[in-house]
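Have the picture open while you read.

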Amino acid sequence: MEKKVEYNTTELMACAASKILEDGKSVFVGTGLPIIASALAQKTHAPNLLIVFEAGGVGPRIPMLPISVGDSRTFYKAAMATSMDYIMSTAQLGYMDYGFLGAAQIDMYGNINTTVIGSHDRPKARLPGSGGANDGGSLCWKTIILMGQDTRRFVEKVDFLTTPGYLTGPGAREKVGLPAGTGPYRVVTQLGIMGFDDKSKRMKLLSVHPGVTLEQVRANTGFDLIIPEKVTVTKPPTEKELKILRTEIDPAGMVIGKS
Amino acid sequence: MDVLEEGKGELLAWHDPDEHRRWILENKSRSLEDKRMGLKEAVDKFVQDDNYIAMGGFGHIRVSMASIYEMIRQRKQNLIMAGKTAVHDIDILIASGCVNRVEVAYSFGHELRGLSPASRRAVEEGTVKVLAEISNAGFQWRFKAAAMGLPFIPTRVMLGTDTFKYSSAKVVKDPFSGKPICLLPACYPDVVFIHVHRCDKFGNCQIDGIMIEDFELARAARRLVVTTEEIIDEERIRNAPWRTVIPFYLVDAVVEVPYGSHPGNMPYLYYSDEEHMAEWLKLSRSPEGVKQYLENYVYGVKNFEEYLELIGGVKKLNYLKQVEQLRAPLKAPWAER
């Protein structure tokens, strides 16, 4: 009998997200879980993943989890330590394959909010704002979003559109002047992995995590999610992946300790 | 060019390029002068109430925290701050009442540590106003436009979003491609503090590691105060001039402050002090806690040297050096459940 591997949802999300990143591609990484998933990819199937940090780190060999996208871990044994202008300009040029972001709210077109809950001028909750998210979501070829899923976060309309997804649907990004052929690609949550329908640009379910039902996914989505006939089950984390996460990437449990 | 859309955020720290050139002509010296002074004097001389301020570095990395504490000690008022990924710097400036208006790319958060209780409370209660939103690329390109002496810079970020609607940018039809493009206005902060690894007494600076936005910010600044881990001999600068990232003629003051980025990270020298950050994040959950922190670490000490003794002195600073060099495990009490 196969030994049961114990893991928490944060570890599951990190492992599922890391598998999306391909070797030999570049990724523009946001704070927290995206860094963990990218570092894990680099230490497993994608040793030549080019990890890029907005503050100037290019191609580091991340020794352990950075607290910030600008701290010294983000350019440890890097190919280059440069400036934000340099990174953002190369993103604008088309060198960044993946943008890897977190979010507080998302809608069916992958538009994301990290600015306020409630109204802008008298917010119920003030969040940090765009940071580099709008830039990553505007300029990278494919955006991957890592976030929690429930009806307060997967909403019909985001309270504030911080970072562009497909805006109002097909062609909308190009119409407002965003680089052609860019947009959200995957959304990874504690329940499953979502993609976007080629034609309508609406979010659709691709896989559910082990033990998660379609009913649970529907109940935790505040908009009409496309659920195709064929939905696969996400591969669970392996012992090797979990060991790397717990002993190399985040030994202090700064992110993966929180489930 | 046709203006297609205008953001409704307040246009801050913008000057007509000719007005700014005139200001440079009249106010910035090109002569090689000894600009060393004490931190107290530099903050007193260059920070005026109501100024628009920006910090070099990145939130809690290579930020002139010593200057932040000195601004608080001098009880500066009504400052507007560039939240250009501002983390511990803006949190404590808001909590102490020095900053009451912000232009936000990233503020009110502590990155991996979570949200900033004190500054969030201030915005949610309305004591701090967000005058404009922007993105990180947007902010540094505002500084870049200023660094080039231009009124604006065209970019392809912020288009189609509320981040644009609440910014001071405009969208026009690009006369070359015919596509909509976002114009970001130049940003010339009244005063900028940049913390560097080393410089000479004239202000020729070397920085190890990432530059973040400081190439642009140093030129965008009207007044530039450099704090440095170490003042070195001019000959060391002149033997490796390609290492100078900020030249002397941009600099108004040079202040030697070892460990000046504490509790933040100074790449290659010391990692951020996560035990101190945890103490702040815990205390700043309540106004009483904020008061207690400020009384203890800011008002209760005469200067940054006394503060360094209070946070643990040589023993703590050696530990942070070891963490930076991956020779000691990181202690992050805020991560404990």
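## Before we start

This is a predicted model, where local features need pLDDT of at least 70, side-chain atom pairs count only at pLDDT 80 or more, and totals for chains, interfaces and linings use all residues. Residues are numbered from 1 along each chain as its sequence is written, while chains are lettered from A and ligands numbered from 1 in the order in which they are written.

Helices (H or I, at least four residues) and strands (E, at least two) are DSSP runs, numbered from the N terminus.

## A sheet in chain B

Chain B has an open sheet of four strands, in the order E1-E7-E8-E6, with antiparallel pairing. Two strands pair if DSSP finds at least two bridges between them. Strand E1 (3–6) and strand E6 (152–155) of chain B sit at the edges with a single partner strand each, so one side of each has no neighbour in the sheet. From one strand to the next, the twist averages 30 degrees.

Now zoom in on the pairs. Strand E7 (residues 170–173) of chain B joins strand E8 (residues 180–185) of chain B over four bridges, in the antiparallel sense. Lys170(B) has Leu183(B) in E8(B) as its bridge partner. E6(B) and E8(B) also pair in the antiparallel sense, over four bridges, and here Thr155(B) stands opposite Cys182(B) in E8(B).

In chain B, the axes of helix H4 (residues 88–95) and helix H5 (residues 117–125) come within 8 Å and cross at roughly 55 degrees. Axes are lines fitted to C-alpha atoms, for helices over the stretch in contact, and angles run from 0 to 180 degrees between N-to-C directions. That angle makes H4(B) oblique to H5(B); angles under 35 degrees count as roughly parallel, over 145 as roughly antiparallel, 65 to 115 as roughly perpendicular and the rest as oblique.

Who does the touching? H4(B) brings Ile90(B), Asp91(B), Ile94(B) and Ala95(B), and H5(B) brings Ala118(B), Ser119(B) and Ala122(B). Two residues are in contact if their C-beta atoms, placed from the backbone, lie within 7 Å.

## Where the chains meet

How many residues does the contact take from each chain? There are 51 from chain A and 56 from chain B. On the chain A side, the elements giving two or more residues are helix H3 (84–93), strand E9 (123–126), helix H4 (133–139) and helix H5 (172–176).
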